[in-house]
Amino acid sequence: MALQLWETLKESIVAYTGLSPATFFTVLALGLAVYYVASSLFGSPADHHQRPRDYQEQMQPLPPPVQLGEISGEELKQYDGADPKKPLLMAIKGQIYDVSQSRMFYGPGGPYALFAGKDASRALAKMSFEDKDLTGDISGLGPFEIDALQDWEYKFMSKYVKVGTIKKTVPVTEGESTAEPAEVADKDVPKTSEDGPSESTEAKTEETPSSVKTEDAE
């Protein structure tokens, strides 16, 4: 029975395709191989619908920048990217910018991650990654370093949103310097009890003998 079916199948292949049974099965095998390779590369239609959905979930839009106003340098450290729920902030010359859209550069693991949450003006001007340069102090910089810092500032102003400024700390020695003039003034005042008679008393002593002589002459 099976032999009869095989003979009937061969006759049908030759009649409908014009190919020999061997050629027909060879072409069929090649077609199946091409189909599996193509499906593995491009995936099934269900995968095409699933992948864009997963991509959209991962690439959620960033929340709008929140204006912080004036904060201290210590408060700025809270926005270094360690907490993904908080914006990623960085400051240049005391001006704070939201760099959340460039998290791949300034976020954890990024090439400039150590600048996040700080005023890194000096480090940017010198292109330094040393801890001692992670500060907003730009005193003593050369002209080329000042120009480099200016370029960074223009870049941040054009690309990112400014969300606040860093509070300027008042030096403690200011109160001490205001008290010094008063002490100096006290030192300049002549003291009759310690330094002897003043100029006014000396003048009186000089006038007294002349008045006495006039009375004797009368």
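Visitor: What is a pocket, and what volume does the largest pocket have?
Guide: A pocket is an open set of grid points with protein on both sides within 12 Å along at least five of seven lines. This model is predicted. In it, the largest pocket has a volume of about 300 Å³.

Visitor: Which residues lining the largest pocket are the closest to its centre?
Guide: The lining has 14 residues. By class, eight are nonpolar, two polar and four charged. The closest to the centre are Leu62, Pro63, Pro87, Asp98 and Ser100.

Visitor: How many charged residues line the second largest pocket?
Guide: This pocket has a volume of about 260 Å³. Its lining includes Glu70, Lys93, Asp119, Lys167 and Lys168. Asp, Glu, Lys and Arg count as charged. The lining also has two nonpolar and five polar residues. The charged residues number five.

Visitor: Which elements give two or more residues to the largest nonpolar core?
Guide: This core has 18 residues. Among those with the most contacts inside it are Met90, Leu124 and Phe156. The elements are strand E2 (89-92), helix H6 (121-126) and helix H7 (143-159).

Visitor: Which residues does Phe115 contact, leaving aside its neighbours within four places in sequence?
Guide: Phe115 is one of the residues with the most contacts inside the largest nonpolar core. Contact means heavy atoms within 4.5 Å. By that cut-off, its partners are Met90, Ala120, Ala123, Leu124, Ser128, Phe129 and Leu134.

Technical notes: Residues are numbered from 1 along each chain as its sequence is written. This is a predicted model: local features need pLDDT of at least 70, side-chain atom pairs count only at pLDDT 80 or more; totals for chains, interfaces and linings use all residues. Side-chain values use heavy atoms; hydrogens and water are left out. A nonpolar core is a set of buried Ala, Val, Leu, Ile, Met, Phe, Trp, Tyr and Cys residues joined through side-chain atoms within 4.5 Å. Buried means under 20% relative accessible area, exposed over 50%, partly exposed in between (1.4 Å probe, protein chains only). Helices (H or I, at least four residues) and strands (E, at least two) are DSSP runs, numbered from the N terminus. On a 1 Å grid over the protein atoms alone, a cavity is a set of points where a 1.4 Å probe fits but cannot get out, and a pocket is an open set with protein on both sides within 12 Å along at least five of seven lines; lining residues have an atom within 4 Å of a point. Grid points are joined across faces, edges and corners, and a volume is the space filled by probe spheres set on the points.
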